[in-house]
Amino acid sequence: MTTTIDWRARAASLKFRNGLYIDGRFRDAAKGGRFETVNPANAQVLTAVARGTAEDIDAAVAAGRRAFEDGRWSGKSPAERKAVLLRLAALIRENVPELALLDTLDMGKPIGDSSTIDAPGSAHFFEWHAEAIDKLYDEIAPTGRGDLAMIRRVPLGVIGAVVPWNFPLDMATWKLAPALATGNSVVLKPAEQSPLSALMLAELASEAGLPDGVLNVVPGFGEDAGRALGLHPDVDALVFTGSTKVGKLFMTYAGTSNMKQVWLETGGKSPNLVFADADLDRAAEMAAFGILFNSGEVCSANSRLLVHRSVQEEFTQKLIAATAAWPLGDPLDLATRMGPLVEKSHADRVASYIDIGRKEARLAHGGTRETRDGSDCYIQPTIFNEVAPDARIAREEIFGPVLAITPFDRDEEALRIANDSEYGLAASVWTKDLSRALSVSDRLNAGTVSVNTVDALSAMTPFGGVKQSGFGRDLSIHSFDKYCALKTVWVKY
Ligand code: NAD
């Protein structure tokens with residue numbers, strides 16, 4: 001269906017919701033401020049969005065608290081909540097083109113991805129969590145006669161959710177679906193680069209029957225709206241996806257306010273290990289996907305490639321050839337697989353890493369930044385070879401289409417280099433030897449290890465990291481844990 005749409009015409013007639021969404025309606029910010037959200041494909045302003053500050057966060061948290069306390073959502077049965085969230089999923093499906101366009105215009109993601117992956121993915125994640133919630137049973141402890149000890153999962157109350165710009169709709173969904181399914185209220189602060197799809201999602205949630213005040217969306221800047229949410233004394237848990245630096249701030253916000261629970265999904269520098277016995281053609285094709293999908297703006301991007309020295313040159317040539325399948329271009333063009341980076345300052349940052357790489361290693365491919373349609377946010381796929389494991393481009397998260405290749409001679413050495421990182425979000429392994437695949441997977445210190453693929457992900461499996469990639473898990477049955485307290489009710493009889 002999405003292949004027959006005239007995306008440019010649809011984009012031209014798109015409606016932008018640009019208020020704060022609090023207590024079931026759009027409103028201006030208390031201080032009246034606005035900020036511009038810019039299309040990185042052509043540097044044009046899309047709209048001026050209400051800029052939430054601490055007063056608006058107060059209003060949104062108060063709305064969430066009222067809704068939670070009077071039970072309009074928290075008091076509904078899991079099956080009733082499921083019905084509303086399934087209606088929301090259906091509305092998302094009906095509105096895939098519009099939601100996809102909002103993300104594409106806001107942050108430069110190719111429409112071919114946002115319309116077939118992000119927006120349908122959001123519907124799917126809501127469906128999955130909605131379908132799961134009335135199949136979760138509580139527990140009775142094995143106390144013996146005379147005692148009945150019930151262990152119940154109860155919603156926490158008001159959840160603050162702060163999300164990044166790389167998958168605006170999906171990162172919001174990963175937090176909202178389990179938080180709402182378990183009966184909480186939520187105050188969501190989308191990234192300032194990409195607030196538009198979250199505002200539409202809030203409107204659709206109301207249309208689906210989510211009571212007013214249960215989902216509030218407050219666009220604004222991190223240092224005021226995000227910080228105010230992190231410090232708020234009436235927020236019970238703060239769930240965050242974003243950089244490690246800001247994740248650490250949320251821990252201090254919690255520690256200096258009400259000790260709210262904090263769950264962090266943060267940065268990554270994921271290694272992709274290619275052994276000499278791998279299917280090199282497939283590994284090269286997927287290694288390109290692992291670093292170029294979403295222009296490399298992926299927390300779990302396979303940004304370090306560790307390859308056995310005996311196949312290093314052959315593999316590098318195959319990988320360079322595989323980048324040809326990733327044309328850089330206008331994100332509204334269905335042939336485009338890499339759009340512009342999210343904003344000028346981020347493109348500047350990625351370009352500065354390319355400059356660092358030129359000094360630290362051998363540029364094997366790309367390295368150019370281009371100006372198109374008045375925007376200089378376009379960066380070609382870039383591959384550095386012979387990268388030392390302690391080079392900055394091998395250690396620091398670049399968050400762009402920049403790959404660092406490091407050769408290895410022995411399995412032990414590959415494992416040591418792979419694990420020698422402050423991050424531990426994901427890793428990939430390519431080998432035809434099952435025993436090696438399993439033993440290497442056992443020893444890789446990462447939240448997800450993909451064997452003979454990259455970045456395997458599903459609603460059914462938990463996603464999150466170890467070390468400074470954060471803690472807590474999104475997706476799967478385990479995602480509900482973050483949004484519930486375990487409550488023991490003990491009865492003597
Ligand atoms: P970021 O940390 O700069 O911003 C994320 C969110 O935090 C935004 O909403 C922002 O407004 C807010 N924020 C910024 N400064 C703040 C402050 N001082 N106080 C409170 N809130 C603040 O990250 P980004 O640049 O938007 O996204 C890229 C980062 O996100 C990368 O590091 C990437 O790895 C990470 N990420 C992680 C995952 C994961 O699941 N682990 C997924 C996607 C992205």
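User: What should I know about the model and its numbering?
Analyst: The model is predicted, so local features need pLDDT of at least 70 and side-chain atom pairs count only at pLDDT 80 or more, while totals for chains, interfaces and linings use all residues. Residues are numbered from 1 along each chain as its sequence is written, and side-chain values use heavy atoms, with hydrogens and water left out.

User: How many residues surround the ligand, and which are the closest?
Analyst: A residue is near a molecule if one of its heavy atoms lies within 4 Å of it. Here 29 residues surround the ligand. The closest are Glu192, Ser243, Tyr253, Thr266 and Glu397.

User: What kinds of residues make up the shell?
Analyst: Ala, Val, Leu, Ile, Met, Phe, Trp, Tyr, Cys and Pro count as nonpolar, Asp, Glu, Lys and Arg as charged, and the others, Gly among them, as polar. This shell has 16 nonpolar, 8 polar and 5 charged residues.

User: Which protein atoms lie 2.5 Å or 2.9 Å from a ligand oxygen?
Analyst: A polar contact is a pair of N or O atoms within 3.5 Å. A polar side-chain atom of glutamate 192 lies 2.5 Å from a ligand oxygen. For a polar side-chain atom of lysine 189, the distance to a ligand oxygen is 2.9 Å. Valine 163 uses a backbone N or O atom, 2.8 Å from an oxygen of the ligand.

User: How much of the ligand does the protein cover?
Analyst: Accessible areas come from the Shrake-Rupley method with a 1.4 Å probe. The ligand on its own has 850 Å² of accessible area, and the protein covers 89% of it.

How values were computed. A polar contact is a pair of N or O atoms within 3.5 Å; within protein, one must be able to donate a hydrogen and the other to accept it, and residues adjacent in sequence count only if both atoms are side-chain atoms.
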